[in-house]
Amino acid sequence: MTVTAVRKDSQRLTLTIEAEFDASVERIWQLWADPRQLERWWGPPTYPATFTKHGLVPGGRVEFHMTGPAGDQSHGYWDVLEVEPPRRILLRGGIANADGTPNPDTTISTIRVGIEEVAQGRTRMSIEIVFPSTEAMEQILAMGTEEGLSQAVGQIDAILAEVTTQR
């Protein structure tokens, strides 16, 4: 499993997932920059993601849905605040309606993605979700976000291994 740390900080209102990979910073960046690669790991194995819009530029928008085993779909969106390829992404987003518009009755969180080299050919990726309140954090965690995100990130090694063997 690639996940090296999961931290919940109720004082800072954050959930942070860290993972390390035997890959370059640029290769890990591609997992975010290419929507076809992103949808192969974003979402736990039982709720795979489909990205319908992928504007990974400041001011851009990313829209997606995850489809459950019974065919149910949950929609989400990210407004892209900052992008510093291949090192950092700052997003704000939450649950969306089926048409991609934000659901006004749900929490909007900030997501900070950091990608850094920790050794030659080894990269750490951190995903930090910042919640607007304790209640919002508790609500989102109760939905299984910690487990789902850990499972999602855990799928990355298989994607990296496929690309390596195809060369």
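Arg112 counts as partly exposed, at 39% relative accessibility. Here buried means under 20% relative accessible area, exposed means over 50%, and partly exposed lies in between (1.4 Å probe, protein chains only). The model is predicted: local features need pLDDT of at least 70, side-chain atom pairs count only at pLDDT 80 or more, and totals for chains, interfaces and linings use all residues. Residues are numbered from 1 along each chain as its sequence is written, and side-chain values use heavy atoms, with hydrogens and water left out.

Which residue does Arg112 meet in a salt bridge? The partner is Glu128, at 2.6 Å from N to O. A salt bridge is a side-chain nitrogen of Lys or Arg within 4 Å of a carboxyl oxygen of Asp or Glu. Arg112 lies in strand S7 and Glu128 in strand S8, so the pair ties together parts 16 residues apart in sequence. Strands (E, at least two residues) and helices (H or I, at least four) are DSSP runs, numbered from the N terminus. Glu128 is buried, with a relative accessible area of 11%.

The whole structure holds 14 salt bridges. One of them joins Arg122 and Asp22, with the closest N and O atoms 2.6 Å apart. Arg122 sits in strand S8 (residues 122-130) and Asp22 in the loop between S2 and helix H1 (25-33), so this pair ties together parts that are 100 residues apart in sequence. Arg122 is partly exposed at 26%. Asp22 is exposed at 62%.

Another salt bridge links Glu18 and Arg7, with the closest N and O atoms 2.9 Å apart. Glu18 belongs to strand S2 (residues 14-21) and Arg7 to strand S1 (residues 3-9). Glu18 is buried at 18%, whereas Arg7 is partly exposed at 40%.

Now the largest pocket. Its volume is about 710 Å³. On a 1 Å grid over the protein atoms alone, a pocket is an open set of points with protein on both sides within 12 Å along at least five of seven lines; lining residues have an atom within 4 Å of a point. Points are joined across faces, edges and corners, and the volume is the space filled by probe spheres set on them.

The lining has 27 residues, and Met66, Ile95, Ile140, Met143 and Thr145 lie nearest the centre of the pocket. S5 gives the most, with 5 residues. The lining divides into 15 nonpolar, 12 polar and no charged residues. Ala, Val, Leu, Ile, Met, Phe, Trp, Tyr, Cys and Pro count as nonpolar, Asp, Glu, Lys and Arg as charged, and the others, Gly among them, as polar.

How values were computed. 1 Å grid on protein atoms, 1.4 Å probe; cavity = no way out; pocket = protein on both sides within 12 Å on 5 of 7 lines; lining within 4 Å.
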